[in-house]
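Work through these exercises with the structure in view. Try each task before you read its solution.

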Amino acid sequence: MAITDFLAASDITSAISACKAKDSFSPKTFFKAVGLSKKTPTEIEKVFKILDQDKSGFIEQDELQLFLQNFSKGARTLTAAETRSFLKEGDADGDGKIGWEGWRLKV
Ligand SMILES: [Ca+2]
């Protein structure tokens, strides 16, 4: 299962090019641009599982840093500041990683 199986390639391309500049990434804007905001909870859960590369049940900081590359291999990594603020927004219980609850509310 790849993210491109249920998101339009053209949406992914434009979402990634919209945050090409360092520190211009915003999770909310990205999820909207890529069409994820309109997806069903099941599909949103699938994306969560793809992002959780080591299957720990959480999206940790190192996985978050590679966030964009799950959508497109050639995409840049998130900067330290972007990773930090993304984590802060999705980390509902303050344990330093994003669990399913925080992710679901975020998207
Ligand atoms: Ca993980």
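**Exercise 1.** Is Lys55 buried or exposed?

*Solution.* Remember that this is a predicted model.
- Step 1: count. Lys55 has 7 C-beta neighbours inside 10 Å, so Lys55 counts as exposed.
- Step 2: Lys55 sits in the loop between α3 and α4.

**Exercise 2.** Describe the overall build of the chain.

*Solution.* 
- Step 1: list the elements. There are six helices and zero strands. Along the sequence the pattern reads α-α-α-α-α-α.
- Step 2: test the size. For 107 residues, a compact globule would have a radius of gyration near 13 Å. The chain has 13 Å, which agrees.
- Step 3: take the spans. Along the principal axes, the C-alpha trace covers about 35 × 30 × 20 Å.
- Step 4: check burial. Of the 107 residues, 21% are buried.
- Step 5: check the contacts. Take those between residues at least 6 apart in sequence; 47% of them join residues at least 24 apart.

**Exercise 3.** Which residues of helix α5 are buried, and why do they line one face?

*Solution.* 
- Step 1: pick them out. α5 runs over residues 80–90, and Glu82, Phe86 and Gly90 are buried there.
- Step 2: look down the axis. The buried residues of α5 fall within an arc of 55°, so they line one face of the helix.
- Step 3: recall the geometry. An α-helix has 3.6 residues a turn, so residues three or four places apart point the same way.
- Step 4: turn to the other face. Away from the buried side, α5 carries the exposed residues Ala80, Ala81 and Lys88.
- Step 5: find the cover. The buried residues of α5 are covered by elements including α2 (27–33), α4 (61–65) and α6 (100–106).

**Exercise 4.** Explore the largest nonpolar core.

*Solution.* 
- Step 1: The core has 18 residues, and Ile12, Ala15, Ile16, Phe30, Val34, Phe71 and Leu78 touch the most other members.
- Step 2: trace the sources. α1 (9–18) and α3 (41–51) are the elements that give two or more residues to this core. α1 gives the most, with three residues.
- Step 3: zoom in on Phe30. Setting aside residues up to four places away in sequence, Phe30 touches Ala15, Cys19 and Phe25.

**Exercise 5.** Compare Asp95 and Lys97 within the annotated binding site.

*Solution.* 
- Step 1: read the record. An unreviewed UniProt entry annotates Asp91, Asp93, Asp95 and Lys97 as "binding site".
- Step 2: locate both. Asp95 is in the loop between α5 and α6, and Lys97 is in the loop between α5 and α6.
- Step 3: count neighbours. Asp95 has 10 other C-beta atoms within 10 Å and is exposed. Lys97 has 19 and is partly exposed.
- Step 4: list contacts. Beyond its neighbours within four places in sequence, Lys97 is in contact with Phe58, Ile59, Glu60 and Asp91.

Conventions:
Residues are numbered from 1 along each chain as its sequence is written. This is a predicted model: local features need pLDDT of at least 70, side-chain atom pairs count only at pLDDT 80 or more; totals for chains, interfaces and linings use all residues. Helices (H or I, at least four residues) and strands (E, at least two) are DSSP runs, numbered from the N terminus. The radius of gyration is taken over C-alpha atoms; the globule rule is 2.2 Å times the number of residues to the power 0.38. A residue is buried if 20 or more other C-beta atoms lie within 10 Å of its own, exposed if 12 or fewer, and partly exposed in between; C-beta atoms are placed from the backbone. Two residues are in contact if their C-beta atoms, placed from the backbone, lie within 7 Å. The arc is that of the directions from the helix axis to the C-beta atoms. A nonpolar core is a set of buried Ala, Val, Leu, Ile, Met, Phe, Trp, Tyr and Cys residues joined through C-beta atoms within 7 Å. UniProt positions are given in the numbering used here, feature names are shortened, and annotations may be inferred rather than shown by experiment.
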